[in-house]
Amino acid sequence: MTLLYTEDHEWIKVEDGIATVGITKHAQDALGDVVFVELPEVGKSFDQKEVSGVVESVKAAADVYMPITGEITEVNEALRDDPSLANTDPLGAGWFFKVKFSQPDQLTALMDEASYTKLTDAA
C-alpha cells in the first residue's frame with residue numbers, strides 16, 4: 001500500500017478504511033534517539049492536524065499531529081515499551097496508532113513520496 005505524508009513529518013498508510021500512522025524517517029533522524037512516546041487513548045477522536053501524541057528524544061520533544069480526522073482504534077503498545085522502534089523501524093514496527101477515519105477526502109491534501117522528498121530535500 002502507498003504511503004502518504006504530512007508536512008509535519010507523519011506518514012499514513014490506508015488499508016480497508018483504517019489508517020496506520022507514524023513518524024517519518026526524516027523526523028526520527030532530526031529527533032535523534034527516541035526515549036519516550038505518548039500515545040493517544042483508544043476510542044478518542046481527533047480532528048485533522050490536532051495534536052494526538054508526543055515523541056521525546058535525547059535532543060527534543062515533538063508533537064505528533066493527526067493526519068486525518070477520525071477515531072483511534074489501536075495504539076502500538078510495543079512502541080510504548082520500546083520507543084527506540086521509532087528509530088530502528090519508523091515505517092514498520094515503529095508505527096504509533098491506527099485510526100478509523102471519517103473524512104476520506106482529507107487524504108487528497110496529503111503528499112505522495114515524491115512531494116515529501118522534495119519538501120525534506122529543501123529543508
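Lys59 sits in the loop that joins strand E6 (51-57) to strand E7 (61-65). The model described here is predicted. With a relative accessible area of 59%, Lys59 lies above the 50% cut-off and therefore counts as exposed. Beyond residues up to four places away in sequence, Lys59 touches Asp29, Ala30, Leu31 and Gly32. A polar atom of the Lys59 side chain lies 3.4 Å from the backbone oxygen of Ala30. Lys25 is 34 residues from Lys59 in sequence, and the two C-alpha atoms are 16 Å apart in space.

**The chain as a whole**

The protein chain contains four helices and nine strands. Their order along the sequence is β-β-β-α-β-β-β-β-β-α-α-β-α. The radius of gyration is 13 Å, close to the 14 Å that the globule rule gives for 123 residues, so the chain is as compact as a globular protein of that length. The C-alpha trace spans about 35 × 35 × 25 Å along its principal axes.

Of the 123 residues, 45% count as buried. Among contacts in the protein chain with a separation of 6 or more, 59% are between residues 24 or more positions apart. The accessible surface comes to about 6,400 Å², and carbon and sulfur atoms hold 49% of this surface.

**Two buried residues**

Thr6 is located in the loop between strand E1 (3-5) and strand E2 (10-15). Its relative accessibility is 7%, under the 20% cut-off, so Thr6 counts as buried. The side chain of Thr6 makes a polar contact of 2.6 Å with the side chain of Glu10. Apart from neighbours within four places in sequence, Thr6 is in contact with Pro67, Leu110, Met111 and Tyr116.

Phe101 belongs to strand E9 (residues 97-101). A relative accessible area of 15% is under the 20% cut-off, so Phe101 is also buried. Leaving out residues up to four places away in sequence, Phe101 touches Val14, Gly17, Ile18, Ala19, Ile68, Thr69, Gly70 and Leu107. Phe101 and Val37 are separated by 64 residues in sequence and by 22 Å in space, C-alpha to C-alpha.

| Residue | Relative accessible area | State |
|---|---|---|
| Thr6 | 7% | buried |
| Phe101 | 15% | buried |
| Lys59 | 59% | exposed |
| Asp16 | 83% | exposed |

**Backbone angles in two loops**

Most residues other than glycine have a negative phi. His9, which is not a glycine, has a positive phi of about 75°. His9 is placed in the loop between E1 and E2, and Thr6 is found in the loop between these strands as well.

Asp16 is not a glycine either, and its phi is positive at about 55°. The loop that holds Asp16 runs between E2 and strand E3 (18-23). Asp16 has a relative accessible area of 83%, over the 50% cut-off, and is therefore exposed.

Conventions: Residues numbered from 1 in each chain as written. Predicted model: local features only at pLDDT ≥ 70, side-chain atom pairs only at ≥ 80, totals over all residues. Heavy atoms only, no water. Buried < 20%, exposed > 50% of the residue type's maximum accessible area, 1.4 Å probe, protein only. Polar contact = N/O pair within 3.5 Å; in protein donor to acceptor, adjacent residues only side chain to side chain. Contact = heavy atoms within 4.5 Å. Rg over C-alpha atoms; globule rule 2.2 N^0.38 Å. Areas by Shrake-Rupley, 256 points an atom, 1.4 Å probe, with all protein chains shown as cover.
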